Amino acid sequence: MAKALYRKYRPKTFDEVLGQEHVTSVLKNQIKTGKISHAYLFSGERGCGKTSCAKIFAKAVNCLNPKDGSPCNECENCKTIINDETLDVVEMDAASNRGIDDIRQIREKVIYPPNKLKYKVYIIDEAHMITREAFNALLKIMEEPPKHLIFILATTEIEKIPATILSRVQKFEFNSINSDNIIKQIDIILNDMNIEMDMDAKYLIVEKANGAMRDALSILDQILSIGNDSYSLDEVEKLLGKVDYSDIDSLLKYILEEDRESALNTVFKLRKQNKASVDILEDLTEYLRDIMLYKTANIFDSFKSESKKKFIIEESNNIDINRIIDSLEILIDYKNKMRNSDSVDLLFEVCIIRLIEYKSRENILSRLEALERNKVIVSNEDNSYYNQNRKTNEYNFNEVKETTNKQKPVDSKKENHKKESINIKEKKSIEDFSLTDFYSIIKEKMGFMYAHMICEDNMQYDKEKNILKLNLDDDMNYQIFMDKSENIAKILKDFTKTDIKVKISKGSQKELNQKQDTDIEINKKEDDELLSKLKDIFGNTLEEK
């Protein structure tokens, strides 16, 4: 049986561990000075070198001729450990040895000194899987450890390790390995095997590995099993089921252009090429993430392909950052749904339609655009004006358009309102302004849609207190206007030359009047009840004023 690449090329010294210099430098110095602790905790993502460093450290503390803090790998002790011929270095998996009985067995063994080596070293992988009771049993050993005993705990979930354990160990946090270090290791292996591979293909392996060296070497092992002397990007993409980013770019373009037919046909075409819906979704997610990184921070660390950069730069100019973020949330949501569904293809097709039909309902502009598209019915007095001026959305203060419906009888009250607003710019005193004027000013400056949400019937002006009240009878309208009072006050001041306080409340004017009448009735009823009680106490001699 062939040995897996990640095992064959496992680091043998601290210098061979890539991307974890902040950890290896400290461990090497401890070996040099002899200041070795009795317990260590290595935490970090999978495949970043935790177990490899633990094994190197186990060899280094027992090495007869350490070199610059690393094991020599040539002495008798090193060879014994490398060949798994000693019981003094024990590697156990806490996922299958997590109970209190397993820890008790360790306690019974560790009290005895090592057979041949200087230290007994216990490497416990996936330490977060140990039960609470077992941790308590392990705690007793760590409180009073024998001089010959060293514990090394490795975990991907340090937050699950009890605080009592964390306070008794030296903690080392391992980083995800960057793309340069993974490429460096891939090049070492390819050179040893005399195999060539396109740089874009190497970066594709890096993207799939997501910062884990072991995952990268496992993917490389899978590719090299084909037995070719060289590998192109297309070959590696086919082997890994990866979708070409030019196809992903086309799919994204169709989504942004709201071309449902072309977008779905692209998905069907990729499926005929044996691309799974899950892989297409994953690649579309990665592509949008790359665009987001470039658009927000000009970062290219996650993708080195020059040809791909051109697509990223071009596409970043065609999509808004909020659209990217919301689209990523939709993709992640459907990825989770597809994970537990038997209708994966159908869900992905629905996902594509959702991306095309996307509108952020929390965005005020989207709300206004929706109202514009649906051609909201406006009051008769504004219909002819709106149809003629909706492109510019400007209010004409200098002339009144004649109504196009000549058969309709003229409403003298409305005509008077229009005449009052004709010379609105010429009015000099706040006393000259009416509610119709205020409504017209808001419509001219903020746009028809905002004015429509307010409705003139729901406006009140208190001349004594100089307060304009806007009563919104719709939850969405209220949410839109709740922070616009200062803006509206500034707009009115530009016309009236007066500081008008704008107060925005929820509920129509009719509802507010009803509530006020109800409150008056309740107060009167309470007063009558109080008066009745007082008369019972003081009699009819009590005078009512």
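Arg260 is partly exposed, with a relative accessible area of 41%. Keep in mind that this is a predicted model. Arg260 makes a salt bridge with Glu357, and the closest N and O atoms are 2.3 Å apart. This pair links distant parts of the chain. Arg260 sits in helix H13, while Glu357 sits in the loop between helix H17 (344-356) and helix H18 (364-373). They are 97 residues apart. Glu357 is also on view: at 42% relative accessibility, it counts as partly exposed.

Stay by helix H13 for a moment. Glu258 lies in the loop between helix H12 (245-256) and helix H13 (260-272). What is the phi of Glu258? The value is positive, about 60 degrees, although Glu258 is not a glycine.

Look for Asn194 in the loop between helix H8 (179-193) and strand S6 (196-197). Its relative accessible area is 67%, so Asn194 is exposed.

Back to salt bridges. How many does a search of the whole structure find? The count is 19. Next on my list is Lys335 with Glu282, where the closest N and O atoms are 2.9 Å apart. This pair, too, links distant parts of the chain. Lys335 is in helix H16 (residues 321-339), Glu282 is in helix H14, and 53 residues separate them. Lys335 is partly exposed, at a relative accessible area of 31%. Glu282 is partly exposed as well, at 27%.

Now stay on helix H14, which covers residues 277-297. Glu286 has its place there. Is Glu286 buried or exposed? Glu286 is buried, with a relative accessible area of 18%. The cut-off for buried is under 20%, so a residue at 18% qualifies. What does Glu286 touch? Leaving out residues up to four places away in sequence, Glu286 touches Glu207 and Lys242.

Leu138 is in helix H6, residues 132-143. Its relative accessibility is 0%, so Leu138 counts as buried. Which residues does Leu138 touch? With residues up to four places away in sequence set aside, the contacts are Ile103, Ile130 and Phe151. One distance to check on your screen: the C-alpha atoms of Leu138 and Ile165 are separated by 8.5 Å. Those two residues are 27 positions apart along the chain.

On to the next salt bridge. The side chains of Lys493 and Asp499 meet at 2.9 Å, N to O. Lys493 counts as partly exposed, at 39% relative accessibility. Asp499 counts as exposed, at 56%. Elsewhere, salt bridges that share partners join Asp15, Lys28, Lys32 and Asp68 into one network.

Now the surface charge. Which residues gather in a patch of positive charge on the surface? They are Lys465, Lys469, Lys501 and Lys503. Take Lys501 from that patch. Lys501 is found in strand S10, residues 501-506. Its relative accessible area is 56%, so Lys501 is exposed. To join a patch, a residue needs over 30% relative accessible area and no salt bridge. Lys501, at 56%, is over that area cut-off.

Last, the whole chain. How many helices and strands does the protein chain have? There are 25 helices and 10 strands. Of its 545 residues, 43% count as buried. The chain exposes about 31500 Å², and carbon and sulfur atoms supply 46% of that. Then the contacts. Take those with a separation of 6 or more: residues 24 or more positions apart account for 71% of them.

Leu138 is buried at 0%, and Glu286 is buried at 18%. Asn194 is exposed at 67%. Glu258 has the positive phi in the loop between helix H12 and helix H13. And Lys501 belongs to the patch of positive charge, together with Lys465, Lys469 and Lys503.

Notes: Residues numbered from 1 in each chain as written. Predicted model: local features only at pLDDT ≥ 70, side-chain atom pairs only at ≥ 80, totals over all residues. Heavy atoms only, no water. Patch = residues over 30% accessible without salt bridge, like charges linked within 9 Å, V, L, I, M, F, W, Y side chains within 5 Å. Areas by Shrake-Rupley, 256 points an atom, 1.4 Å probe, with all protein chains shown as cover. Salt bridge = Lys/Arg side-chain N within 4 Å of Asp/Glu carboxyl O. Lys, Arg positive; Asp, Glu negative; His and termini not counted. Charge placed at Lys NZ, Arg CZ, Asp CG, Glu CD. Helix = DSSP H or I, 4+ residues; strand = E, 2+ residues; numbered from the N terminus. Buried < 20%, exposed > 50% of the residue type's maximum accessible area, 1.4 Å probe, protein only. Contact = heavy atoms within 4.5 Å.
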